[in-house]
Amino acid sequence: IDNLEIQKHLTAVEEKNLAPSKFALLQNYPNPFNPSTTISYSIPTFNGKQSLNVTLNVYNTLGQKVATLVNKAQAPGNYSVQFNASNLPSGVYFYKLQAGNFVATKKMILIK
């Protein structure tokens, strides 16, 4: 590979659209966790909109909201949020992402 070929490859990568092609809510890591964990998700371009209202909430097993991690309009892209549960008891929790008409929920475990 010569320098010209490398330059062409780098340029192609820079021009590539980095917006995700679909909604995604990934499993938090680490899981189980103590006291903090990372939650990642993807927001694609949706019906040509430049941004969507996004909420990411955490619930206990009784369905009570214990934290709001995201509540704002976000542009298409990949996001990660830290959740610190140092003020919560050990147990099972659920995190729910809502963006446009997309809704997904996953389970996580806090062990102290």
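**Aromatic pairs, sheet pairing and local geometry**

A search of the whole structure, which is a predicted model, finds three aromatic pairs. One of them joins F23 and F102; the two rings are stacked, with a centre-to-centre distance of 4.8 Å and an angle of 5° between the planes. F23 belongs to the loop between α1 (3-15) and β1 (24-25), whereas F102 is in strand β7 (residues 102-110), so the pair ties together parts that are 79 residues apart in sequence. Both F23 and F102 are buried.

Strand pairing was examined next. An open sheet is formed by three strands in the order β1-β2-β5, and the pairing is antiparallel. Strands β1 and β5 (77-84) are the edge strands, each of them pairing on one side only. Between β2 and β5, the antiparallel pairing extends over eight bridges. Within this part of the model, S40 has S80 in β5 as its bridge partner.

The loop between β1 and β2 (36-43) contains P32, and P35 is also found in the loop between β1 and β2. The peptide bond from N31 to P32 is cis, and its omega is near 5°. A cis peptide bond is likewise present from N34 to P35, where omega is near -10°.

When neighbours within four places in sequence are left aside, T68 is in contact with L56 and N57. With N57 there is also a polar contact, made between the side chain of T68 and the side chain of N57 at 2.9 Å. The C-alpha atoms of T68 and V58 are 6.4 Å apart in space, while the two residues are separated by 10 positions in sequence.

The mean over the protein is 87, and 84% of the residues reach 70 or more. Over residues 11-17, by contrast, pLDDT stays under 50. For residues 11-17 the model has zero contacts beyond four places in sequence. Where pLDDT is low, the predicted coordinates should not be read in detail.

Methods: Residues numbered from 1 in each chain as written. Predicted model: local features only at pLDDT ≥ 70, side-chain atom pairs only at ≥ 80, totals over all residues. Heavy atoms only, no water. Contact = heavy atoms within 4.5 Å. Polar contact = N/O pair within 3.5 Å; in protein donor to acceptor, adjacent residues only side chain to side chain. pLDDT = per-residue confidence, 0-100. Phe/Tyr/Trp six-rings, centres within 6.5 Å; stacked < 30°, edge-to-face > 60°. Helix = DSSP H or I, 4+ residues; strand = E, 2+ residues; numbered from the N terminus. Buried < 20%, exposed > 50% of the residue type's maximum accessible area, 1.4 Å probe, protein only. Pairing = 2+ DSSP bridges.
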